Amino acid sequence: MPPFFNSILRNMQVEKRVKELVEEKIADRDDLFIVSIRMLKSGVLEILLDGDNGIAIADCVAVSRHVGFHLEEENVIENAYRLEVSSPGLDSPLVLIRQYEKAIGRDIRITLENGTKNEGKLIAITNDAVTIEEKIKEKGKKAEVKEAVFPLDQIKETKVLISFK
């Protein structure tokens, strides 16, 4: 097998073990969840966590210590690496239904696979679709609010809009 495929397979094994370790650490915390775990080419092992009410730095530290300890004890990663445990940034796209649920009531921008962008207040999420309230404003007329539904399989990216009002 070419070295490239060995590297991909090894990263998948690392990510699987890290997921098990994180789940073990947050098992007693129903409010916390894993957003993603990725072993980057740069040697960074990135763990993104979130919580229904946000996530505290202390939670990230606890997960980092737990995962780091076990990875070293088990010698899971052969090469030098840097472990980063954090929450997704403000400008990170929503990727999980649970993140959408947390964002209900907030303004979002949806980019569809065809490149179309729509903005509005997130009012509902199902396993299949996102519903927003869009403000449609025509020149010289009062803005009209209408519901728009977007199937998840047609969404390329969704981001929460940050307001500094």
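Me: Which residue forms a salt bridge with K16, and how far apart are the closest N and O atoms?

Reply: A salt bridge is a side-chain nitrogen of Lys or Arg within 4 Å of a carboxyl oxygen of Asp or Glu. Here K16 pairs with E20, and their closest N and O atoms are 3.6 Å apart. Please keep in mind that this is a predicted model, where local features need pLDDT of at least 70 and side-chain atom pairs count only at pLDDT 80 or more, while totals for chains, interfaces and linings use all residues. Residues are numbered from 1 along each chain as its sequence is written, and side-chain values use heavy atoms, with hydrogens and water left out.

Me: Where do K16 and E20 sit along helix α1?

Reply: Helices are DSSP runs (H or I, at least four residues), numbered from the N terminus. Helix α1 covers residues 3-25, and because K16 and E20 are four residues apart in it, about one helical turn separates them. K19 and E23 are also four residues apart in helix α1, about one turn. They form a salt bridge too, with the closest N and O atoms 3.4 Å apart.

Me: Is K16 buried or exposed?

Reply: Buried means under 20% relative accessible area, exposed over 50%, and partly exposed in between (1.4 Å probe, protein chains only). K16 is exposed at 56%, whereas E20 is partly exposed at 33%. In the other pair, K19 is partly exposed at 41%, and E23 is partly exposed at 38%.

Me: Which residues are linked with K16 in a network of salt bridges?

Reply: The network joins K16, R17, E20 and E74. Over the whole structure, a search finds eleven salt bridges. One of them is between the side chains of R82 and E84, at 2.5 Å from N to O. R82 is partly exposed, with 48% relative accessibility, and E84 is partly exposed as well, with 31%.

Me: How many residues line the second largest pocket?

Reply: Rolling a probe the size of a water molecule over the atoms shows where empty space is left. On a 1 Å grid over the protein atoms alone, a pocket is an open set of points where a 1.4 Å probe fits, with protein on both sides within 12 Å along at least five of seven lines; lining residues have an atom within 4 Å of a point. The second largest pocket has 14 lining residues, and D50, G89, L94, K102 and R106 lie nearest its centre.

Terms used: Helix = DSSP H or I, 4+ residues; strand = E, 2+ residues; numbered from the N terminus.
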